[in-house]
Amino acid sequence: MTHSLLSYLSQLPDSRQRQGRRHCQTMTLQIIIMSCMSGYHSYRAIGDFIQKHQQRLLDLFEPPKARLPSYSTVRRVILCLEFDPFCWVLQQWMIPQRQPFYGHGLCVDGKVIGGTVTQVHSRQQ
């Protein structure tokens, strides 16, 4: 059974102070991961990602009061995040994602697309 990244991230302890927690740490981490995968790496850049994709993120996560975290909330979540448990959770999520696709070939050098190779043989395992 494959679990979602959100279910894995929800296992992480939230080390932020209780007072002022408006945004779910799990959702915030998911948004941080999405933004980093899209090339937005700094706190402010992640804030820009959130603004740029605001409606899609609201539709996806359906946060309470339709509010998404600001870059300062992103900063606090990252600063309070414990690195080792975060890495462990990501590894646990990625292990089932690495299932090989037997019988499928993938051309990565462009020879088939460019017409140099006219017949592709798939390797049976």
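Q: Which residues in H2 meet Leu 57, Leu 60 and Phe 61 in H4?
A: A quick note first: this is a predicted model, where local features need pLDDT of at least 70, side-chain atom pairs count only at pLDDT 80 or more, and totals for chains, interfaces and linings use all residues. Residues are numbered from 1 along each chain as its sequence is written, and side-chain values use heavy atoms, with hydrogens and water left out. Helices (H or I, at least four residues) and strands (E, at least two) are DSSP runs numbered from the N terminus, while contact means heavy atoms within 4.5 Å. The H2 residues that meet those three in H4 are Met 27, Gln 30, Ile 31 and Met 34.

Q: How many residues of the contact of H2 with H4 are nonpolar, polar and charged?
A: Ala, Val, Leu, Ile, Met, Phe, Trp, Tyr, Cys and Pro count as nonpolar, Asp, Glu, Lys and Arg as charged, and the others, Gly among them, as polar. Sorted that way, this contact has six nonpolar, one polar and no charged.

Q: At what angle do the axes of H2 and H4 cross, and what does that make H2 to H4?
A: Axes are lines fitted to C-alpha atoms, for helices over the stretch in contact, with angles from 0 to 180 degrees between N-to-C directions. Angles under 35 degrees count as roughly parallel, over 145 as roughly antiparallel, 65 to 115 as roughly perpendicular and the rest as oblique. The axes of H2 (residues 25-37) and H4 (residues 54-61) come within 12 Å and cross at roughly 135°. That angle is why H2 is described, relative to H4, as oblique.

Q: Which residues of H3 make the contact with H2?
A: H2 brings Ile 31, Ile 32, Met 34, Ser 35 and Cys 36 to this contact. By class, the residues of the contact are seven nonpolar, one polar and no charged. On the H3 side, the partners are Ile 46, Phe 49 and Ile 50.

Q: Which residues is Cys 80 in contact with, leaving aside its neighbours within four places in sequence?
A: Cys 80 lies in H5 and is partly exposed, with a relative accessible area of 30%. From C-alpha to C-alpha, Cys 80 and Pro 13 are 9.8 Å apart, though 67 residues separate them in sequence. Its contacts beyond the neighbours are Ser 15 and Arg 16.

Q: Is Lys 65 buried or exposed?
A: Lys 65 lies in the loop between H4 and H5, and its phi is near 60°, a positive value in a residue other than glycine. Ala 66 lies in that loop too, with phi near 50°. At 75% relative accessibility, Lys 65 counts as exposed.

Q: What share of the residues of the protein chain count as buried?
A: The chain has seven helices and zero strands. Among contacts between residues at least 6 apart in sequence, 63% join residues at least 24 apart. Of the 125 residues, the buried share is 27%.

Key
Buried < 20%, exposed > 50% of the residue type's maximum accessible area, 1.4 Å probe, protein only.
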